[in-house]
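Hi there,

Here is the structure I promised to pass on.

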Amino acid sequence: KIFDIDEKTQKVTLISATPTKGTVYLGGAQGYNNGVKLLNDACSNLYGNEYAGIRARSINIEDIEKKLTQDALTKAHNFIHSSPDSTTKYGNKVMAHLIWNQYPTIYAKEKLSVIDENEKINGLGLSEQDILIKRTDEGAEKGVKTATNSIQPYQTFWEGEISSSMFQPVENLGNDIIYNLVFPLGPDETQYYIASRSINTRDITHECDFDMYVIRTRAMTGFGFYNYASSTEKVYSLGYNFYMRPMLELDAKLIQSYVDADESSLFVMQ
């Protein structure tokens, strides 16, 4: 079904009618290190057709944010963790250096990563990754490196319940069109990975979660693959099974559109 049409580039982005029926397991530091590329590669190999000019990838956080109203996006980007353990707003650096100084290898390549007070101005965005990272790359152990002193991450995670009113209306069709594409099985049943990394900080307790975004139960959220908990003074390496959500990108000239009885746009290849 149609998710987006860029009139300037004549590029059409389609989204699968539903998430995949099979789940994908990602976990631990390596899940964070490679989740974006693994999800995109899986969708590309299963649904893409380079010869026909069809590029396939996973849905990412930018796809969702692009469709939110300005008010909804502003609210999302004012996110502060709901617990009393954090005072750091989305887009800001933690106020104090974290006691914890371990991080997944790819963090050092990310835009605005801060390691031993050195801030990387240019780097990978939340949904970018071209090369798979091995467990021992750059002297890492199990996909994890250790700073000499500390890391000081920016808060790049937000979460919250998503309603139809948060999406921009589609001309003549209303704002529930995109909502129904995001939650095609109903808000309580739809759950799938978003191919975007995020970092959730709680500066009061000096904790930090390296997450992947997930659409789950009426909300945008994320699950920590590699995190530190001050209550136990332990590092946790966790994993989860979720579905994928393929997106197709192709030239508008390749397709012809029509509208079905439910006013949902479908496509047939010419």
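**Notes on the sheet and two other sites**

Ala56 stands opposite Leu248 in β15. A word on provenance: this is a predicted model, with local features needing pLDDT of at least 70 and side-chain atom pairs counting only at pLDDT 80 or more, while totals for chains, interfaces and linings use all residues. Residues are numbered from 1 along each chain as its sequence is written, and side-chain values use heavy atoms, with hydrogens and water left out.

Back to the sheet. Strand β4 and strand β15 (residues 246–251) are antiparallel partners joined over four bridges. Strands here are DSSP runs of E with at least two residues, helices are runs of H or I with at least four, and both are numbered from the N terminus; two strands pair if DSSP finds at least two bridges between them. The open sheet consists of four strands in the order β1-β2-β15-β4, with antiparallel pairing. β1 (2–6) and β4 (55–58) are at the edges with a single partner strand each, so one side of each has no neighbour in the sheet. From one strand to the next, the twist averages 20°.

β2 and β15 run antiparallel and are joined by five bridges, with Val12 opposite Leu250 in β15. Strand β2 (residues 11–15) is largely enclosed by the rest of the structure, because four of its five residues are buried (under 20% relative accessible area; exposed is over 50% and partly exposed in between, with a 1.4 Å probe and protein chains only).

Helix α1 (residues 28–47) lies across β4 and β15, at about 145° to β4. Axes are lines fitted to C-alpha atoms, for helices over the stretch in contact, and angles run from 0 to 180 degrees between N-to-C directions; contact means heavy atoms within 4.5 Å.

Two further sites. Glu207 is in strand β11 (residues 207–216) and counts as buried because its relative accessibility is 10%.

Lys111 lies in the loop between β5 (102–104) and β6 (114–115). Leaving aside neighbours within four places in sequence, Lys111 contacts Lys120, Ile121, Asn122, Gly123 and Leu124.

Best wishes
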